[in-house]
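I'll walk through the strands, then the inside, then a pair of helices.

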Amino acid sequence: MLPRRQDYGKRKSDGVRSGSVINFRSAGSPGSVRRSSAVLLPSVLTFLVIVASGGLLLMIEKGMLNSMETPSPRGSARRLELIGETRKHGADGADVDSQILQEIRNRTIRTMCSQKNMPHSIWSLSPPQRKTVLQHILVNDEYRFLYCYVPKVACSNWKRVLKVLSGALESVDVNVKMDHRSDLLFLSSLKPEEIRYRLKHYFKFMFVREPMERLLSAYRNKFGEIESYQKKYGAEIVRRYRKGRAKDASVTGDDVTFGEFVRYLLDEDVERMNEHWMPIYNLCQPCAVSYNFIGSYEHLGRDSAYVLQRVGAPPFVHFPERQTWYKPVTTQTLHYYLCTLPQKLLRELLPKYILDFSLFAYPLPNTTTEHCRH
């Protein structure tokens, strides 16, 4: 049986009060990052003021953030400084945008994580929280790096890379089914002093993805293709949320609707969620672990190449190409699913993933009537 709904209203002050939101209409493409980069940093400060006043969740519940405009740019000196520094090294516009995005994420994370109620090391986490993050950080001792894997953010391909670097796999292009446990070293398997040493001295990175896109990807994959998930989660979701099916033994769970999936997520405690839809914040704890680099799914090729170069991987090791059978979540697909979802469900869902939106500089989804009409 799946766990029943937790009283999220009593819990949200623990994990959401210190989250900030950056609401940019056109984020999500390289061009949009370039157009918005001048206004991002002042927006961080503006939303921090909103958060400090305790008004963030109220604004989400009332739909106020959907119509909020980004503040006008004031003082883009840091952006100009970054551009000047980058041009000196011969980098192009895409690299400038990448550096700006990294700067935004780093500053936001530093600001949010410096608050007293946020964890400042893995040892200040609760035992369940520490267990989760240690089980999601992979270790490579030869190249001295730690990688926190996030399901549905190209983690299978990164695990292939780690297996090639350790010699367990000949090439990332070898056509074999991925074993997500064998030939991989997890931080959780090491002793405390060994963990401390690696957290202090190794290069640490993770990859993030737009939160709702990641959820939709998990929904389509697990309930549309994976029989074990249909039986374990899908059947119970249908029985719980579909009228007249509570005691139906014939339910197979292969026809879960996106709305039913979202209702299930609302009833879940984020710290007990399956890893495929647990918030990225809870999986990798960016306040407790000081990551050197946070790449994004939206710039996967470029950011992966940077990481491989940074850790000194051999030239023959490259990040795998996307499989031909893979069905990406397009902007149009995400638009369709979010706009057909009852607005009440979406407004209730956003607080559970608010730290993923705010810390990693993703805009809240725009699902106003006018936007969805188009």
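**Strands, cores and a helix crossing**

Let's start with S4, residues 203–208, and S5: four bridges join these two strands, and they run parallel. In that pair, Phe205 stands opposite Phe293 of S5. Keep in mind, please, that what you see is a predicted model.

There's also a helix here. H13, residues 300–310, lies across S4 and S5, and it runs at about 170 degrees to S4.

Now zoom out to the whole sheet. It's an open one, made of five strands in the order S3-S1-S2-S4-S5, with mixed pairing. So which strands stand at the edges? Those are S3 and S5, at 293–296; each has a single partner strand, so one side of each is left without a neighbour in the sheet. If strand pairing is new to you, strands of a sheet pair through backbone hydrogen bonds, either parallel or antiparallel.

Let's look at S1, residues 137–140. Ile137 and Val139 point one way from this strand, while Leu138 and Asn140 point the other way, and all are buried. S1 runs antiparallel to S2, residues 145–148, and four bridges join them. Asn140 is the one standing opposite Phe145 in S2. How many residues lie between S1 and S2 in their hairpin? Four, and Arg144 in that turn has a positive phi of about 55 degrees. Over on S3, residues 185–186, two bridges tie the strand to S1, again antiparallel. Here Val139 has Leu185 as its bridge partner.

Okay, the inside. In soluble globular proteins, nonpolar side chains tend to be buried together. The largest nonpolar core here has 98 residues, and Trp158 and Trp277 have the most contacts inside it. Leaving out residues up to four places away in sequence, Trp158 touches Tyr147, Phe205, Phe207, Ser304, Val307, Leu308 and Phe319. Another core lies apart from that one; it has five residues, including Val96, Leu101, Ile104 and Ala361.

Last stop, two helices. H10, residues 227–241, packs against H11, residues 258–266, at an angle of about 90 degrees, and their axes are 10 Å apart. That makes H10 roughly perpendicular to H11. Who makes the contact? From H10 we have Tyr233, Ile237, Val238, Arg240 and Tyr241, and from H11 there's Glu260, Phe261, Arg263 and Tyr264. Sort the residues of that contact by type and you get six nonpolar, three charged and no polar.

Note on methods: Residues numbered from 1 in each chain as written. Predicted model: local features only at pLDDT ≥ 70, side-chain atom pairs only at ≥ 80, totals over all residues. Heavy atoms only, no water. Axes fitted to C-alpha atoms, helices over the stretch in contact; angles between N-to-C directions. Parallel < 35°, antiparallel > 145°, perpendicular 65-115°, else oblique. Contact = heavy atoms within 4.5 Å. Nonpolar A, V, L, I, M, F, W, Y, C, P; charged D, E, K, R; others polar. Buried < 20%, exposed > 50% of the residue type's maximum accessible area, 1.4 Å probe, protein only. Pairing = 2+ DSSP bridges. Core = buried A, V, L, I, M, F, W, Y, C linked by side-chain atoms within 4.5 Å.
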